[in-house]
Amino acid sequence: MSERVVYLDHAATTYVKPEVLEEMLPYFSEKFGNPSSIYSLGRETKKAVEEARDRVAAALGAESREIFFTGSGTEADNWAIKGAAYANRKKGNHIITTAIEHHAVLHTCQYLESEGFEVTYLPVDENGLVSPQQVADAIRPDTVLVSIMFANNEIGTIQPIAEIGKITREKGVIFHTDAVQAVGNVHINVKNMNIDMLSLSAHKFYGPKGVGALYIRKGIKVTNFLHGGAQERGRRASTENIAGIVGLGKAIELATANIDAYNKKLIELRDRTIDEVMKRIPYVRLNGDRYKRLPGNVNFSFEFIEGESLLLMLDMKGIAASSGSACTSGSLDPSHVLLAIGLPHEIAHGSLRITFGEENTQEDVDYLLEVLPDIVGRLREMSPLYEKVKRGEKNV
Amino acid sequence: MARKKVMVGMSGGVDSSVAAALLLEQGYDVIGVTMQIWPDMSEEERRNEGGCCSLSAVDDARRVANKLGIPYYVLNFKDVFQKTVIDYFTREYLKGRTPNPCIACNRHVKFGAMLDKAASMGIDYIATGHYARIEYNPDLGRYMLRKSVTERKDQTYALYNLTQAQLARTLMPIGHYTKERVREIAKELGLPVASKPDSQEICFVEDNDYGRFITENADREILPGDFVDTEGNVLGRHKGIVHYTIGQRKGLGIALGKPMFVIDIDVEKNRVILGDETEVYDDALIADDLNFISIETLEKPIRVKAKIRYSSKEADATVFPETDGRARVVFDVPQRAITPGQSVVFYDDDIVVGGGVIQQSLKSGKALRKE
């Protein structure tokens, strides 16, 4: 196995930044009080939670009381969608989402279908974009919720969230966005963008795992998801994950403060990778929009090979990448996102997602460019179809 | 010199776990993989699942790999398994034959797709936890497949299809050890699977009700039909030919006053032919889809010990070459329930000579031989 390890899977998860860890550490040991307690130890942790809430609110352009901490981005998605659907059932039972959502949204919507809700899954164009017009056309009098992801976790496509928000606000329909991949990568202002609910997860922007948050605009009716104590102003029972919440607060503050410099650096790595790979390797396709994509996201399909073998061989060379969503790699099926943008089954199988992050350098790109063409070439040597193409017996 | 790389197919069971451990000990660069081969399951099925390549097998195999400190991957072979094993299994039953899916899986999935995958990744060998031995015979210039040290556990019957090219790149380390010794090694290594029971039966048919499985997976309706005797007299109604195999006595659902056995299946007329015990015995068969290991081709009649199903005893027989790549196998004494679709495998002592798929049984091979 390889000595060198190059981590190129930041969309799966990121490490915790040292500054973030440093702020978290006291809350594991000396500052351990339960924030619901009245004595000073409890008041101390309560204060920490509220400061973190202020930081999240500031990062999103929201008010602090509109931020609720959760155990994960998935929990935030589940809460937002089920909560809004059930709370507004008297108005109607129609939900609009897209075909390329993360499973945390898709499977939640499928569950609601089994509960009698009707869900419209908007198709996307070949780059993975939904148009605001599609959303406008799909809204009906009984539509209670529109849930559209801010940026796609596999192909990085960034949706026209502000335009969609304008429409949903005009039509009086609740608008939720899964911004798990977007926070720290895209400028977000929930007020200007007319977002009613937004999910985020700390471990995607150099915070800890096991903590997320849901922004719920003041006045939006959402039923509770976890019942119990009066934490989070009675909206989400559970003793607070203080260290996690503190880490999330610090991480989101750092991520939004550095966003422009961070983006610039990632875009340089991304664009060079795209340009060079497309130049050096034939029969490759870039999935997702060339420009309206997350700064660190690259997603290729290599014809005639399986993504699975490619990932294994990259792993043997110390390169950590993925074929799509980390959460679905257990299922080994071609990605629903790639199928939704119109890729045939066999090409959807040969995909590679590279997501750059803070610690990556141009040397990492050099290494990838050194290793990747050989691996793709080697795998293609084994493909009878590629042989035919090379001999000119088959057109692509 | 760089260490040779080997990809070990791991099921989470004792045998493949020990195989991985032994190869590591022998100095190979070992990569563990589990082939995910089952079709997508419902949540209900997920809860009940078991068997050699199931999700719990993945958990077990991963635990073993972690214990051994080797890289471990789950590889997707669902499509190839569906096409070459499950579809084949269904198709054969619909033709009134009784297939052996393990042989198909070895041929097309383990020593087909998995071997190709390993090769494409620059891995020198694949290895499995089969009870069999692969040895190179320099005098013959051929790789030989030999029975495992413990004959009781021997699995060569299901491996007769291996070609020289496949054998050259396959390792079966545990064939050299007894099952007891393998379990001991597992214990010594502290492998967490040391007391797991052996896996059995057809892995993708959970309840072992093949008739039900075929009925659900067939592209056409399975129709009931008549049980008849050899004269064509109707004896009763059957549930559909896919529910029966040659030699079957139980589960016929009719009472005829004497023990009756399935002796033939007539697909065209959708009939199941019953007869008495003597009629279940034949003394010859025609096999095709032949593969030979210890010899290049069958040029002249050879004397062998032949085995007509996984669980049957070997019997003395002569194999005659026929036209169109077929062979005729004539047994010294009649054999019970020679079943089309099953494989006949030829042995010379503990060496696998080769084998083929049974096309039909013959009533009087000796008469035919005189032709």
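Helices in these legends are DSSP runs of H or I with at least four residues, numbered from the N terminus, and the model shown is a predicted one.

View 1. Although Glu232(A) is not a glycine, its phi is positive, at about 50°. Most residues other than glycine have a negative phi. The relative accessibility of Glu232(A) is 5%, and the residue therefore counts as buried, the limit being under 20%.

**View 2. Phe304(A) in the loop that leads from strand S10 to helix H10 of chain A.** The loop holding Phe304(A) lies between strand S10 (297-302) and H10 of chain A. Phe304(A), a residue other than glycine, also has a positive phi, near 75°. With a relative accessible area of 18%, Phe304(A) is buried.

**View 3. Helix H10 of chain A packed against helix H13 of chain A.** Helix H10 (residues 307-316) and helix H13 (residues 362-381) of chain A pack with their axes 10 Å apart and at an angle of about 135°, which makes H10(A) oblique to H13(A). The crossing in which H10(A) passes H13(A) is right-handed. On the side of H10(A) the contact is made by Ser309(A), Leu310(A), Met313(A) and Leu314(A), and on the side of H13(A) by Val371(A), Leu372(A), Ile375(A), Val376(A), Arg378(A) and Leu379(A). Of the residues in this contact of H10(A) with H13(A), eight are nonpolar, one is polar and one is charged. Because nine of its ten residues are buried, H10(A) is largely enclosed by the rest of the structure; among the buried residues are Gly307(A), Glu308(A), Leu311(A), Leu312(A) and Met316(A). H10(A) is followed by Gly318(A), whose phi is positive, near 85°.

**View 4. Helices H4 and H5 of chain B where their axes cross.** The axes of helix H4 (residues 78-94) and helix H5 (residues 101-120) of chain B cross at roughly 165° and come within 9 Å, and the two helices are therefore roughly antiparallel to each other. H4(B) passes H5(B) in a right-handed crossing. Val80(B), Phe81(B), Thr84(B), Val85(B), Tyr88(B) and Phe89(B) are the residues of H4(B) that meet Pro101(B), Ala104(B), Cys105(B), His108(B), Val109(B) and Ala113(B) of H5(B). The contact of H4(B) with H5(B) comprises ten nonpolar and two polar residues, with no charged residue.

**View 5. Cys102(B) and Cys105(B) with the nearest cysteine sulfur, that of Cys203(B).** Counting as a disulfide a pair of cysteine sulfur atoms within 2.5 Å, the total over all chains is zero. Cys102(B) is in no disulfide, the sulfur of Cys203(B) being 6.9 Å away, and Cys105(B) is likewise in none, with the sulfur of Cys203(B) at 6.6 Å. Cys105(B) is buried, with a relative accessible area of 8%, whereas Cys102(B), at 39% relative accessibility, counts as partly exposed.

**View 6. Pro259(B) in the loop between strands S9 and S10 of chain B.** The loop that contains Pro259(B) lies between strand S9 (234-238) and strand S10 (261-266) of chain B. Pro259(B) is partly exposed, with a relative accessible area of 43%. Leaving aside neighbours within four places in sequence, Pro259(B) is in contact with Arg249(B), Gly275(B) and Asp276(B). Arg249(B) is ten residues from Pro259(B) along the chain, and the C-alpha atoms of the two are separated by 7.3 Å.

Conventions:
Residues are numbered from 1 along each chain as its sequence is written. Chains are lettered from A and ligands numbered from 1 in the order in which they are written. This is a predicted model: local features need pLDDT of at least 70, side-chain atom pairs count only at pLDDT 80 or more; totals for chains, interfaces and linings use all residues. Side-chain values use heavy atoms; hydrogens and water are left out. Axes are lines fitted to C-alpha atoms, for helices over the stretch in contact, and angles run from 0 to 180 degrees between N-to-C directions. Angles under 35 degrees count as roughly parallel, over 145 as roughly antiparallel, 65 to 115 as roughly perpendicular and the rest as oblique. A crossing is left-handed if the near helix is turned anticlockwise from the far one by less than a right angle, and right-handed if clockwise. Contact means heavy atoms within 4.5 Å. Ala, Val, Leu, Ile, Met, Phe, Trp, Tyr, Cys and Pro count as nonpolar, Asp, Glu, Lys and Arg as charged, and the others, Gly among them, as polar. Buried means under 20% relative accessible area, exposed over 50%, partly exposed in between (1.4 Å probe, protein chains only).
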